[in-house]
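Please consider the sequence and the model shown below before reading on.

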Amino acid sequence: MPFANSSEERPSFVLAAMPGLEVAQAWLAMLLCSAYLVALMGNGAVLLAVRLEPALHAPMYLLLCMLAAIDLALSSCTVPRALCSHWFGAREIGFGACLVQMFLIHALSAVESTVLLAMALDRYVAICHPLRHAAILTNTVTARIGLVAVARGVLFFLPLPLLLVPLPFCGPRALSHSFCLHQDVMNLACASTTPSVVYGLAAILLVMGLDAVLICLSYVLILRAVLRLGGWKERLKVFGTCVAHICVVLAFYVPLIGLSVVHRFGRDLAPPVHITMGNIYILVPAVLNPIIYGVRTKQIQRRILSLI
């Protein structure tokens, strides 16, 4: 495929495909489409269940709704374009569209990280200060947390695409994922990318890194409070209220760390590894989150079953 020369002001990029597996592209796309449909139905069901059940209009479930909405937005801004690439061979993506998709992926990931931190705070207050839980985490406070999460994601990650706009891109512009990521696009520039590298690393550490540390700290405090309880049955019962959140945190941070490791140390890995890790990062949280909370939360189970 011919590429434009370096004098082009708005270059286009080529989304990744699995080399040597062109015949299986349709089947790979079917797997991707199936996971996307599961994510749509699962997160949509959670949103609808909380919307229709007045008993679920509480901070914990409102945060869960935010998580479901973020997962829907994150998967919807990436998977349809990837399906067009696999099914119809439409692998070229414009410069502007690539930067917009990049911003949405990173900003929504930051918003999700903030919501997970807020959910950890909810569990900490509910277990360590149960009498003050209703006064501290009201629905109004929860709504403000959502606004802060969105503002935080936008402010920290809006500079990422802006730093790439003046850079020249010459030579091959093939991406290693089926969507646009900052690290991936930045590596294709034929000029110094030091500002982008420094700012991107700082943004990741100040948002996802700081959130991960605070989540771990909250669970250290929760574990200390649980161990002070009388018997093991009571301890397991109280800590069991955190299992769903712990699983959701792992479903978000493990693929994020895996993708970062692949970008940092796996440049010589086969292209299918990069494509697979990218799809796991986008779809695994969106698919698993509603399943985890649907299994662990009886109120959501009952409402979804009644809807069905």
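Which residues does V115 touch, not counting residues up to four places away in sequence?

## Basis of the model

The model is predicted, with local features needing pLDDT of at least 70 and side-chain atom pairs counting only at pLDDT 80 or more, while totals for chains, interfaces and linings use all residues. Residues are numbered from 1 along each chain as its sequence is written, and side-chain values use heavy atoms, without hydrogens and water.

## Nonpolar cores

V115 touches L63, M66, L67, I70 and A149, contact meaning heavy atoms within 4.5 Å. In the largest nonpolar core, which has 61 residues, V115 is one of those touching the most other members, together with I105, L116, Y253 and I282. Helix α4 supplies the largest share of this core, 10 residues.

A separate second core has 16 residues, including L15, I93, L99 and M102. A nonpolar core is a set of buried (under 20% relative accessible area, 1.4 Å probe, protein chains only) Ala, Val, Leu, Ile, Met, Phe, Trp, Tyr and Cys residues joined through side-chain atoms within 4.5 Å.

## The largest cavity

The whole structure holds 3 cavities of 30 Å³ or more; a cavity is a set of points on a 1 Å grid over the protein atoms alone where a 1.4 Å probe fits but cannot get out.

Helix α4 (95–128) and helix α2 (59–76) each contribute at least two lining residues, helices being DSSP runs (H or I) of at least four residues. The largest share, 3 residues, is from α4.

Technical notes: 1 Å grid on protein atoms, 1.4 Å probe; cavity = no way out; pocket = protein on both sides within 12 Å on 5 of 7 lines; lining within 4 Å. Points joined across faces, edges and corners; volume = space filled by probe spheres on them. Buried < 20%, exposed > 50% of the residue type's maximum accessible area, 1.4 Å probe, protein only.
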